[in-house]
Amino acid sequence: MIAIVDYGAGNIFSVKNALDYLALENMLTSAPKEIEAADAIILPGVGAFPAAMKKLSESGLTDVVKAEAKKKPFLGICLGMQMLFEKGYEFEECDGLGLIPGSVRKMEKPGYIIPHMGWNKLEYGVECPLLKNTGDETYVYFVHSYQAVTDDKYIAAWAEYDGKVPAMVYDGKTVFGAQFHPEKSGITGLDILKSFGGLIK
Amino acid sequence: MLAKRIIPCLDVRDGKVVKGVKFEGVRDVGDPVALAEIYNKQGADEIVFYDITASYEKRGVMLDVVSETAKRVFVPLTVGGGISTVYDIRAALRAGADKVSVNSQAVRNPQLIKHGADSFGSQCICVGIDAKKVANGKWTVYINGGRVDTGLDLIDWVKQIEQLGAGEICLNSIDADGTKEGFDLPMLRAVCGAVGIPVIASGGAGKIEDFSQVFEETGATAALAASLFHFGELTVGDVKEHCRSKGIIVR
């Protein structure tokens, strides 16, 4: 059972649709007990960093998410990926979940269209079990104006957009983050979610 | 680098695709969900549903189409046509759309763009524009399906749209639309030079070279076509292969 954390932010239905399509058992939940009982967790998110952290906290889920992320496969998507880091700087400085060292900063790329929106190619960094089947010449769908700033040792894939934009981060254990939307990235995205489901023991 | 996007558009009335289609293996040629799946298999980067339903009461049918498509097609989906209020935007997004395209109503009530962007994020607000040339280097914006000239200057309008928080512009040339003589390159160049948000080229595509040309000669980040794909004259895959052969980055 994969728990999709429903804290009032993000396009949770798209994530659910993709898991349903893959026949991966899942539930939308905001109950700490269900998150504790789940075999894996997905943290979706769209919107602004401080607002999402606040919603998570108001839902009483911050602590349980932090604790459970270290025990079982955990995937943050888009803003959910950015929330994995220690700090965000969207409008104001704001603490993140601190599951992966690093911060989230506004993309400053003169002459480039921001948001970074559309299909961009994955370039690979550290080995990551979610990317074991994705191969070369693989494109995924991004929509974001902020990006993670973290050590290369946590970057499993990046996209080139006036420099490296972290696309998939991984703590080497249980915590994964996708800046792109696997649920909107066609066959590649489905394959990544399938690999995530495959981590369930 | 970002890939240039190829976007097929489906015109839908009362939940059915308008105009006949000929695709192998499809029984109900009017089923927009089936057609969206075909485009998805061809490699469409996004899919646009354009609702031309006349009666307001039947608009709910479009949301069912989107919701069914979202269960089977995992690329961004856009809904356009008849989006008049923030409530309509919310309903489309809840049904599974990733973006909405607002057109006439945005001209009548520009705050719709701002309210939509503030509530749901700029990334999901695309503003569709129908524009027509009035003089060299000058175009005006039309509404109501290209029937009413508002007199609004195109360049003034796109700058205003960007200020209001739109995430994207879908620019349709009334002069080029239906001619099959290629996209309206001067108009696209003018708009791409005036704003910093992505611009989708629409109207006029008639042959495969039109797509590579619009990417080579304008700043458009995506190209949209309806009937060309709809009647099977070209597939999305054909267009991408051609663009790739010209050194254009596509997915």
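## Close-up views of a predicted two-chain model

**View 1. B:Asp11 stands opposite B:Tyr50 in β3(B).** The model is predicted. The pair belongs to the contact between β1(B) and strand β3 (residues 47-51) of chain B, where four bridges join the two strands. The strands run parallel. Strands of a sheet pair through backbone hydrogen bonds, either parallel or antiparallel.

**View 2. Strand β1 of chain B is largely enclosed by the rest of the structure.** The strand spans residues 5-13. Besides β3(B), β1(B) pairs with strand β11 (residues 222-225) of chain B. That pairing is parallel and has four bridges. Within β11(B), B:Ala223 is the bridge partner of B:Ile6.

**View 3. β1(B) and β2(B) form a hairpin.** Two residues lie between the strands. In the turn, B:Asp14 has a positive phi of about 50°. Strand β2 of chain B covers residues 16-17 and runs antiparallel to β1(B), joined by two bridges. B:Val12 faces its opposite number, B:Val17, in β2(B).

**View 4. The largest nonpolar core has 156 residues.** Which residues have the most contacts inside this core? They are B:Val66, B:Ile169, B:Leu171 and B:Ala223. Around B:Ile169, contacts beyond four places in sequence include B:Val127, B:Ile129, B:Val158 and B:Ile161. B:Val191, B:Val195, B:Ile197, B:Val199 and B:Ile200 are also among them.

**View 5. An open sheet of four strands in chain A has the order β6-β5-β7-β11.** Its pairing is mixed. The edge strands are β6 and β11 (146-149) of chain A, and each pairs on one side only. Strand β5 (residues 85-88) of chain A is joined to β7(A) by three bridges. These two strands run parallel. Here A:Phe85 stands opposite A:Ile100 of β7(A).

**View 6. A:Gly96 sits in the loop between β6 (94-95) and β7 (100-106) of chain A.** Is A:Gly96 buried or exposed? It is buried, because 22 other C-beta atoms lie within 10 Å and the cut-off for burial is 20 or more. Leaving out residues up to four places away in sequence, A:Gly96 touches A:Met53, A:Met83, A:Leu84, A:Phe85, A:Glu86, A:Lys87, A:Gly88 and A:Val104. A:Phe85 is also the residue opposite A:Ile100. A:Thr62 is 34 residues from A:Gly96 in sequence, and their C-alpha atoms are 9.6 Å apart.

**View 7. Chain A has six helices and 14 strands.** Its radius of gyration is 15 Å, close to the 17 Å from the globule rule for 201 residues, so chain A is as compact as a globular protein of that length. Along the principal axes, its C-alpha atoms fill a box of roughly 45 × 40 × 30 Å. Buried residues make up 53% of the 201 in chain A. Of the contacts between residues at least 6 apart in sequence, 70% join residues at least 24 apart.

**View 8. Chains A and B meet through 24 residues of chain A and 21 residues of chain B.** On the side of chain B that touches chain A, nine residues are nonpolar. Six are polar and six are charged.

Methods
Residues are numbered from 1 along each chain as its sequence is written. Chains are lettered from A and ligands numbered from 1 in the order in which they are written. This is a predicted model: local features need pLDDT of at least 70, side-chain atom pairs count only at pLDDT 80 or more; totals for chains, interfaces and linings use all residues. The radius of gyration is taken over C-alpha atoms; the globule rule is 2.2 Å times the number of residues to the power 0.38. A residue is buried if 20 or more other C-beta atoms lie within 10 Å of its own, exposed if 12 or fewer, and partly exposed in between; C-beta atoms are placed from the backbone. Two residues are in contact if their C-beta atoms, placed from the backbone, lie within 7 Å. A nonpolar core is a set of buried Ala, Val, Leu, Ile, Met, Phe, Trp, Tyr and Cys residues joined through C-beta atoms within 7 Å. Two strands pair if DSSP finds at least two bridges between them. Ala, Val, Leu, Ile, Met, Phe, Trp, Tyr, Cys and Pro count as nonpolar, Asp, Glu, Lys and Arg as charged, and the others, Gly among them, as polar.
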